[in-house]
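Me: I am new to this structure and would like to know what stands behind the terms used for it. Please set each term against its cut-off.

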Amino acid sequence: MPSLTPSQVFTPESNMRENVDDTRHSLSPPLTGTIPYRGPLRSDGRKVITFEGLTHLDAEEHVLTVRANYNDYHSVYIPNVIEAIKSYCYCQDGLITNDWNTNMFQDSSYSGHPVIAGGHKFPTGGPQSGRTWHEHVREIREHRVHSRHLINVIETVLSTRMLTEASTLASTIKCNQTLHNQGGLTPKTYQGQYEDVNLFFSQSENKWLNSYAAIAEHHGEPILASKILEALLMPYPDEDTIGALVESRLLDIGSVHNILRLALDRDLVLEIARTGLTVIAISPFRSEMFEDPFYSKEWYS
């Protein structure tokens, strides 16, 4: 009589499939390597493209995409744009020197501008200017123009491919200068590591500039990326009101009357009293406002 004891323990078919699938997925393909370079001869003699965060097949397929074949020429004017960003930060430093009320928050008590629910007294909005809005409305309008101009200069110097990758938050990018393809990028890569401080850029402009900085970093332009972030992190007093003036576009298209009306109304709500300062002399920090390769000094004189 045959034995009724099974020769092996019964395994459900579903479990067998799971075991097979687990074995198959445990053998993940390599995510680094090289593929042949088939472009024009290079001065450095390199003949392979390195890739990271991609499979070999994905790297080869990305090279053939439309976006990967956009122009990726790194402009010779990038160092000039870096100097233009330095000049912008220098100008904002000059404004801060003239405006900042140094008698406030010397004990490091300011921890940012909190949002308080209705029924409570509004916060002060952080460090305040020592001058009245009438005294420096012209300067903040000029600096907003300078901020918009700086964005145009940065966009002009970036390659077509860099702009496309930044605008689409590309998960895979290709850099001709270093012959490297980078995959595995996420939207978080383009969001920036720090909370943006400079209220002379709108929220949408902050997003663009953070994307440009991330792309510049991955395309082998770390100094440009660092300077873009430096511009984003420049502080300024009266952050609440400056932010409202920028987001409402009053600093772009509003009249002096409307700008002053909004600023003074917010001072009343925030219970801010300004005494004004007498500025004996102002250093000509604005003289380098548009000093870059695209505009001559006569353009703004």
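Reply: Along the sequence, the protein chain of this predicted model follows the pattern α-β-β-α-α-α-α-β-β-α-α-α-α-α. The secondary structure amounts to 10 helices and four strands.

Me: What makes β1 and β3 edge strands?

Reply: The four strands form an open sheet in the order β1-β2-β4-β3, with mixed pairing. Within this sheet, β1 (32-36) and β3 (173-175) each pair on one side only, and are the edge strands. Neighbouring strands of the sheet are turned by 20° against each other on average, direction ignored.

Me: Which strands does helix α2 lie across, and at what angle to β1 does it run?

Reply: Helix α2 (residues 56-63) lies across β1, β2, β3 and β4 (180-182). Its direction is at about 45° to β1.

Me: Which residues of α4 and α10 meet?

Reply: From α4, Trp-133, His-134, Val-137 and Arg-141 take part. They meet Val-256, Ile-259, Leu-260, Ala-263, Leu-264 and Asp-267 in α10.

Me: Which residues of α5 are called buried, and what do they pack against?

Reply: A residue is called buried when its relative accessible area is under 20%. In helix α5 (residues 160-168), the term applies to Arg-161, Met-162, Thr-164, Glu-165 and Ala-166. The buried residues of α5 pack against β3 and α6 (203-218). Leu-169, which follows α5, has a positive phi, near 50°.

Me: How much of the protein chain counts as buried, and how much area is exposed?

Reply: Of its 301 residues, 39% count as buried. The protein chain exposes about 17,800 Å², of which carbon and sulfur atoms supply 55%. Among contacts between residues at least 6 apart in sequence, 74% join residues at least 24 apart.

How values were computed. Residues numbered from 1 in each chain as written. Predicted model: local features only at pLDDT ≥ 70, side-chain atom pairs only at ≥ 80, totals over all residues. Heavy atoms only, no water. Pairing = 2+ DSSP bridges. Helix = DSSP H or I, 4+ residues; strand = E, 2+ residues; numbered from the N terminus. Axes fitted to C-alpha atoms, helices over the stretch in contact; angles between N-to-C directions. Contact = heavy atoms within 4.5 Å. Buried < 20%, exposed > 50% of the residue type's maximum accessible area, 1.4 Å probe, protein only. Areas by Shrake-Rupley, 256 points an atom, 1.4 Å probe, with all protein chains shown as cover.
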